[in-house]
Amino acid sequence: MTAVSQQASGALARPSAARVTARKKWSLRAPLLPALIFMVVMTQLPFVATLVISTLSWNSLQPGTREFVFLENYKTMFTDSALREALFNTMIFTAAVVLISVFLGLIIALLLDRKFLGRGLVRTMMIAPFLVVPIAAALVWKHALLNPGYGLLNGVLTWIGKLFGDSTPIQPDWISEMPKVAVIASLVWQWTPFMMLILLAGLQSQPSEPLEAAKVDGASDWQSFRYVTLPHMRTYIELAILLGSIYIVQNFDAVFTLTSGGLGTANLPYAVYNTFFAGHEYGQASAAGVLVVIGSIVIGTFALRVVSTLLREETR
Amino acid sequence: MRRTWIWGVAAWAIGLLFVAPVLWMVLTSLHSESDAATNPPSVGAELTMAGYREFFDSNPWPALINSATAALVSTLLVLALATPAAYALSIRPVEKWTDVMFFFLSTKFLPAVAALLPVYLIAKNLQLLDNVMALVLIYAAMNLPIAVWMMRSFLVELPREMLEAAELDGARLFTLMRRIILPLTAPGLAATALICFIFSWNELMFARVLTSTVAGTSPVFLTGFITSEGLFLAKLCAAAMVVSLPVLIAGFAAQDKLVQGLSLGAVK
């Protein structure tokens, strides 16, 4: 991404032969510059600062100990099992939440693409989880749904138990028994509506002729879904996966609230936050930050390739 | 198509399952604390506003106002920066405009947490700690790439002939913006504003690190809301409800804009 920015600024700086065209070029660039400069200052400069701090041994609670240690922090980070676990958790959370919510979102979008009584109302109900503020949603999940004593989930288990004459129904302590599942479930609940909205828009943009032609040719419902609808939906599924990953990989609120990063659920955002906020290890937190950025660049380059096909289709 | 009703029933069942936690939050917020914390749940218990009263007694107004300020001002800043930028990337594109588009998007792949420490140190040195303006700048940076992508997708759809006619009449960029571009892209601007507002209103991590007593936003207020003493479920749900209400209202009112915005304008 820094490569892209250099390329862009290189293009801006290139001297032009004719004065008039140069002025014309600058008048074209002028509306872009405020936004571009703002973004460079706000995103690239902090990163340079992170890079510099990551080579220092700097604990904010011990003043006067700031010294240059070059790659020492990175060595610590690579051998730190907590960071490796955070990396692993980030991948698990992102992959699980994105894949499950895309799958559920596709099924629900297919259901909502049919006509039935109260379709608008069901669509509105489906969107609701996405519109609850994430930290509020996480708090409600932790205390009102998953609490072992009086959460709704165990309350429902009690009801079901009573229905079958069971006076001692199972009452799991969801968060401490299955912390990762709890985090994933709450995130899937919040992000399925997002996926569903994008995929539903994709289904509704599908031209009806190919489907009718398939029906005339005697294709079954499954066949016309597999060979007509699914290829059309590919772009939308990729878009949903890409955008979902951008947001979910950075998730902080759910881990912060449900488990406070404990029980082996700390992801990278939480681990970096904690090294800095609770541990006061500025140098190590920065090194972790740099590693996170490098990882993101690798994933991002791949993801950007997906988006570039979108732009290419547009200019064609 | 004899069995279509089955699919309708399935859609209803899944819809109810997804909305259930929200409904439960609303119901619990209207119960007394002792009715809220029972097993099995007391669905039919008497309704009361006690939870809301307790929430508003705990002085949430500064936090709500801070959130509104940070979200609204950063959204205005984003629109002011993104609209001309989108113009320079679509109607009169600069050379290498795709590179610029990818630069903007690539900043969204930068994990925000990597900037947390330097942003904190810079804010500290500029005396901007515990100041809403620091959040305004950060939220603007977080949402600007989304806004540029969205606004560009709306601007490329403007009829070229109209813009060219206006230019032949000698309209300058500013006039062009005000007279033609802004009125025609008003729905797009609204969608962009909605998304920027929601993301700013929801943000927790930077707000938590950069603010304390004065500039704390509603999400920060929520994290400190639960005291370990006594029952708190009803007032917690009331608080979650109040803080989510602006987003719920805006999102329900503009469902289609939500889709456009979330897909960076790729889905219309």
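Axes here are lines fitted to C-alpha atoms, for helices over the stretch in contact, and the angles between them run from 0 to 180 degrees between N-to-C directions. The legends below describe close-up views of a predicted model.

**View 1. Packing of helix α3 of chain A against helix α4 of chain B.** Helix α3 (residues 33-53) of chain A packs on helix α4 (residues 61-90) of chain B at an angle of about 120°, and the two axes are 7 Å apart. Angles of 65 to 115 degrees count as roughly perpendicular and those over 145 as roughly antiparallel, and α3(A) and α4(B) are therefore oblique to each other. On the side of α3(A) the contact is formed by Pro34(A), Ala35(A) and Phe38(A), which meet Leu81(B), Ala82(B) and Ala85(B) of α4(B). Sorted by class, the residues of this contact comprise six nonpolar, no polar and no charged.

**View 2. Helix α3 of chain A along its length.** With 21 residues, α3(A) reaches 29 Å from its first C-alpha to its last, which is close to the 30 Å expected at 1.5 Å a residue.

View 3. Arg66(A) is located in the loop between β1 (56-57) and β2 (67-68) of chain A. A residue counts as buried if 20 or more other C-beta atoms lie within 10 Å of its own, and as exposed if 12 or fewer do; Arg66(A), with 15 other C-beta atoms within 10 Å, is therefore partly exposed. When residues up to four places away in sequence are not counted, Arg66(A) touches Leu56(A) and Trp58(A).

View 4. In helix α6 (residues 116-125) of chain B, the buried residues are Leu116(B), Leu117(B), Pro118(B), Val119(B) and Ala123(B). After α6(B) comes Gln127(B), whose phi is positive, near 60°.

**View 5. The contact between chain A and chain B.** Chain A contributes 85 residues to the contact and chain B contributes 83 residues. On the side of chain A that touches chain B, the largest share, 13 residues, comes from helix α15 (residues 282-315) of chain A. That side of chain A has 64 nonpolar, 18 polar and three charged residues.

**View 6. The two chains as a setting for the close-ups.** Chain A holds 15 helices and two strands, while the secondary structure of chain B comes to 14 helices and zero strands. Of the 316 residues in chain A, 43% are buried, and of the 268 residues in chain B, 51% are buried. Among contacts with a separation of 6 or more, residues 24 or more positions apart account for 70% in chain A and for 78% in chain B. Taken along the principal axes, the C-alpha atoms of chain B fill a box of roughly 70 × 70 × 30 Å.

How values were computed: Residues are numbered from 1 along each chain as its sequence is written. Chains are lettered from A and ligands numbered from 1 in the order in which they are written. This is a predicted model: local features need pLDDT of at least 70, side-chain atom pairs count only at pLDDT 80 or more; totals for chains, interfaces and linings use all residues. Helices (H or I, at least four residues) and strands (E, at least two) are DSSP runs, numbered from the N terminus. Angles under 35 degrees count as roughly parallel, over 145 as roughly antiparallel, 65 to 115 as roughly perpendicular and the rest as oblique. Two residues are in contact if their C-beta atoms, placed from the backbone, lie within 7 Å. Ala, Val, Leu, Ile, Met, Phe, Trp, Tyr, Cys and Pro count as nonpolar, Asp, Glu, Lys and Arg as charged, and the others, Gly among them, as polar. The expected span of a helix is 1.5 Å times one less than its number of residues.
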